[in-house]
Amino acid sequence: MIQGRKQLPTRRWFGKTMLSLGAASVLPGWVQSQTNPKPLLPPKMRVGGPNSLRAHAAARGRLFGVAVNPAILDVETLAAGHMTDRYTLLVATQASIVVAENAMKWAALRPTSGAYDFSQADRLMQFAAVAHQLVRGHNLCWHQGLPPWFKETATKENARALLTEHIKTVAGRYRGQIHSWDVVNEAIEPADQRPDGLRKSPWLDLVGPDYIELAFRTASEADPQAKLTYNEFGIELDTPVQREKRSQLLLLLRRLKARGVPVHAVGVQSHLQAESPQPGAGLQGFIREAAKMDLEVYITEMDVNTRNLAVGQLEQDAAVAKVYTDYLNLVLAEPNVPVVLTWGITDALSWLNDPDRSEFKRQDGSPHRPLPFDDNLKPTPAFQALRAALDAALLTRPSTEPLAVPARVVPPPTHPRTAPANVPAPAPVIDYQPFSVKGSPTPSGSKPLTPK
Ligand code: XIL
């Protein structure tokens with residue numbers, strides 16, 4: 001189903017996939033009941049407008065967002081006010097903040113050493129503007145996601161300039177338009193056994209340990225308004241390994257703060273597993289330590305991996321939903337956690353289902369179901385859990401200027417609404433209800449989007 005994902009999936013490809021998946025829903029009920037377990041959710045769950053994750057997050061002063069591939073977002077049709085594909089509508093209605101899964105990484109922006117390609121990153125910015133969303137930038141400095149030419153070209157002599165020039169160009173291009181930049185990604189690795197806890201990476205080798213400070217200072221000059229974020233994985237659990245990583249990270253943050261380095265937030269990636277152990281007091285303590293340093297904490301890449309859970313779909317869904325509930329109840333009780341993003345919106349495009357990643361494969365070969373919407377863009381039990389956890393979140397003052405939530409995501413059409421080719425099913429143009437970010441969504445008579 002997700003074959004050929006090494007090439008960028010196109011919107012046409014995605015539409016076709018959705019079309020074939022959609023065909024399952026026209027099978028007679030008795031055939032479906034043979035193949036599908038009894039669903040955990042009511043069949044007609046409303047998820048649009050005031051029922052969306054975006055609206056529920058806003059009602060608690062928070063942002064909800066997803067990672068996307070801009071290539072499959074139908075920006076043009078959405079902007080023109082025509083009916084667009086269900087995936088595009090879903091991202092527009094559910095997310096108040098978006099992040100590029102890959103399109104703002106070095107490898108995507110710098111296919112050759114001599115030139116930048118901003119086409120996909122610009123596309124994301126355009127989409128977000130049409131859908132009235134904020135954007136996270138991901139990322140400016142990482143040991144992975146580097147283009148092939150980097151290895152032959154980068155030296156100790158030119159690495160500082162390469163890093164600073166990249167940050168000035170990229171963060172400078174979107175100056176004033178980015179909610180938060182992941183300035184440095186995944187720089188801690190206690191297993192590398194350095195006293196400072198830093199990962200042995202090309203940037204450490206070529207620039208030296210002050211590459212982190214250099215990256216943050218350069219980003220701050222390039223985009224003084226963005227919240228500059230340090231993003232990390234494997235810091236959620238209370239295992240000895242993750243506890244050590246968390247404490248090394250706190251030490252790094254304290255060193256940076258003590259030197260006056262402009263760091264404003266920590267991203268906790270939150271790629272979680274369905275089985276025990278689960279996050280607990282250690283992460284809670286970490287978030288509170290961050291608050292003492294005046295740092296916000298963003299849940300930047302949440303999903304739930306069921307690789308080690310040899311159960312059927314129903315149990316898998318229940319286990320994933322429980323992780324969403326428990327985890328979000330834990331972190332959203334903290335006032336300095338204003339943002340939650342999942343790493344994708346639909347299971348169909350989750351990196352956990354990438355056929356080339358054998359390390360994620362489930363034993364029975366069945367796909368992961370780690371995200372709020374399934375392969376058919378129907379809400380999953382994880383959606384329900386996520387939305388309930390947002391409702392239960394501590395009410396906070398929005399940390400970002402209230403989002404101008406549009407009265408309608410799609411501007412009034414000036415032409416007859418016609419569906420573009422390959423759209424699986426007609427979907428209504430979304431009426432997006434205006435509501436104050438601080439208050440509750442105000443329901444009105446119009447129909448919410450209910451993906452079919
Ligand atoms: C992953 C993407 O999801 C994949 O499509 C890509 O092949 C590799 O990167 N931590 C991060 C993200 O910070 O950038 C990674 O994204 C997932 C782990």
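Biologist: Where is Leu 377 placed?

Modeller: Leu 377 lies in the loop between β9 (339-342) and α15. Helices (H or I, at least four residues) and strands (E, at least two) are DSSP runs, numbered from the N terminus. This is a predicted model: local features need pLDDT of at least 70, side-chain atom pairs count only at pLDDT 80 or more, and totals for chains, interfaces and linings use all residues. Residue numbers start from 1 along each chain, as its sequence is written.

Biologist: Why does Leu 377 count as buried?

Modeller: Leu 377 has 24 C-beta neighbours inside 10 Å, so it counts as buried. The cut-offs are 20 or more other C-beta atoms within 10 Å for buried, 12 or fewer for exposed, and partly exposed in between, with C-beta atoms placed from the backbone.

Biologist: What is the phi of Leu 377?

Modeller: Phi of Leu 377 is near 65 degrees, which is positive in a residue other than glycine. Asp 294 also is not a glycine, and its phi is positive, about 65 degrees. Asp 294 sits in the loop between α13 and β8 (296-305).

Biologist: What makes Asp 294 exposed?

Modeller: Asp 294 has 11 other C-beta atoms within 10 Å, so it falls in the exposed class.

Biologist: And why is Leu 251 called partly exposed?

Modeller: Leu 251 has 13 C-beta neighbours inside 10 Å, so it counts as partly exposed. Its place is in helix α12 (residues 240-258). Gly 197 is 54 residues away from Leu 251 along the chain, yet their C-alpha atoms are separated by 8.9 Å.

Biologist: How do you know that helix α5 is mostly covered?

Modeller: Count its residues. In α5 (residues 86-94), nine of nine are buried. Among them are Arg 86, Leu 90 and Gln 94. Across the whole protein chain of 452 residues, 47% count as buried.

Biologist: What makes Leu 53 buried?

Modeller: Leu 53 has 27 other C-beta atoms within 10 Å, so it is buried. Leu 53 is in helix α3 (residues 53-59). Leaving aside neighbours within four places in sequence, its contacts are Phe 64, Gln 94, Pro 372, Leu 386, Arg 387 and Leu 390. Contact has a cut-off too: two C-beta atoms, placed from the backbone, within 7 Å. Leu 53 and Phe 383 are 330 residues apart in sequence, but 8.1 Å apart in space, C-alpha to C-alpha.

Biologist: Why are α14 and α15 called roughly parallel to each other?

Modeller: α14 (residues 313-331) and α15 (residues 381-392) pack at about 15 degrees, with axes 8 Å apart. Axes are lines fitted to C-alpha atoms, for helices over the stretch in contact, and angles run from 0 to 180 degrees between N-to-C directions. Under 35 degrees counts as roughly parallel, over 145 as roughly antiparallel, 65 to 115 as roughly perpendicular and the rest as oblique. Therefore α14 and α15 are roughly parallel. Their contact includes Tyr 324 and Leu 328 of α14, and Leu 386 and Ala 389 of α15. By class, that contact has twelve nonpolar, three polar and one charged residues. Ala, Val, Leu, Ile, Met, Phe, Trp, Tyr, Cys and Pro count as nonpolar, Asp, Glu, Lys and Arg as charged, and the others, Gly among them, as polar.

Biologist: What angle do α9 and α11 make?

Modeller: α9 (residues 159-173) and α11 (residues 211-222) pack at about 30 degrees, with their axes 9 Å apart. That is why α9 is roughly parallel to α11. Among the residues that meet are Leu 163 and Ile 167 in α9, and Leu 214 and Ala 215 in α11. This contact of α9 with α11 has eight nonpolar, three polar and two charged residues.

Biologist: Which residues are around the ligand?

Modeller: They are Glu 101, Asn 102, Asn 185, Phe 233, Gln 269, Glu 301 and Trp 351. To be near, a residue needs its C-beta atom, placed from the backbone, within 6 Å. This shell divides into two nonpolar, three polar and two charged residues.

Biologist: Which residues does a cis peptide bond with omega about -5 degrees join?

Modeller: Ser 276 and Pro 277. Pro 277 lies in the loop between β7 (271-273) and α13 (281-292). The bond from His 138 to Asn 139 is cis as well, with omega near -10 degrees.
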